[in-house]
Amino acid sequence: MRHADREVKEILQIVEILNRSNVLRIAINDQYFPYIIPIHFSYFINENFSIIFYMHSSSIGKKIELISKNNHIGFETDIFYRFANQESTIPCQWSTIYESVIGDGYVEIITDEKEKKFGLDSIMRRFGKGKAFEPYLNTALQKVVILKLIVENISGKRHIQ
């Protein structure tokens, strides 16, 4: 990493960034070019202090087709705060105040109903802000696909003044 002073290695600091992030971008192999899509997510830390993401999806479409062929993906999330030194008229003096997390891993399509509900519940809790929800309709549970991203490599970066 060119700016080692900006690297975030501690898992708890990475989690702080994830807590402030709303969208995870996943990059899936599509032969010659990556297929990148934004997706809402939740996550938890398992007993080995590894991060596992949950995401929801339709059961059909390009994302599912590509994951079914090759489930290894890259991911990224970031928080843009503002530009720094933007008042400067000197080229290349501007900077960005940001935090980001990148990594890679592999995706499992969850078929177990109990884990499917767990993943969906975690997404609903994360974005529902403490709201109580009705039980899931069976037809909705049958249609939705829960993707579980097991992280193999993860790192963070931040530039905050």
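A salt bridge is counted here where a side-chain nitrogen of Lys or Arg lies within 4 Å of a carboxyl oxygen of Asp or Glu. In this predicted model, a search of the whole structure finds 7 salt bridges, and the tour below visits some of them.

Begin by selecting Glu76 and Arg25, whose side chains meet in a salt bridge with N and O 3.1 Å apart. This pair links distant parts of the chain, since Glu76 sits in strand S6 (residues 72-84) while Arg25 belongs to strand S2 (residues 24-30), 51 residues apart. Glu76 counts as partly exposed, at 21% relative accessibility, and Arg25 is also partly exposed, at 31%.

Next, select Arg158 together with Glu99, which form a salt bridge whose closest N and O atoms are 2.8 Å apart. Arg158 lies in strand S8 (residues 145-159) and Glu99 in strand S7 (residues 95-110), so this contact ties together parts that are 59 residues apart in sequence. Here Arg158 is partly exposed, with 22% relative accessibility, whereas Glu99 is buried, with a relative accessible area of 2%.

Then move to Lys148 and Glu115, where the side chains meet in a salt bridge of 2.9 Å, N to O. Because Lys148 is in strand S8 and Glu115 in helix H3 (residues 113-128), the pair ties together parts 33 residues apart in sequence. Lys148 counts as buried, at 14% relative accessibility, and Glu115 as partly exposed, with a relative accessible area of 22%.

Notes: Residues are numbered from 1 along each chain as its sequence is written. This is a predicted model: local features need pLDDT of at least 70, side-chain atom pairs count only at pLDDT 80 or more; totals for chains, interfaces and linings use all residues. Side-chain values use heavy atoms; hydrogens and water are left out. Helices (H or I, at least four residues) and strands (E, at least two) are DSSP runs, numbered from the N terminus. Buried means under 20% relative accessible area, exposed over 50%, partly exposed in between (1.4 Å probe, protein chains only).
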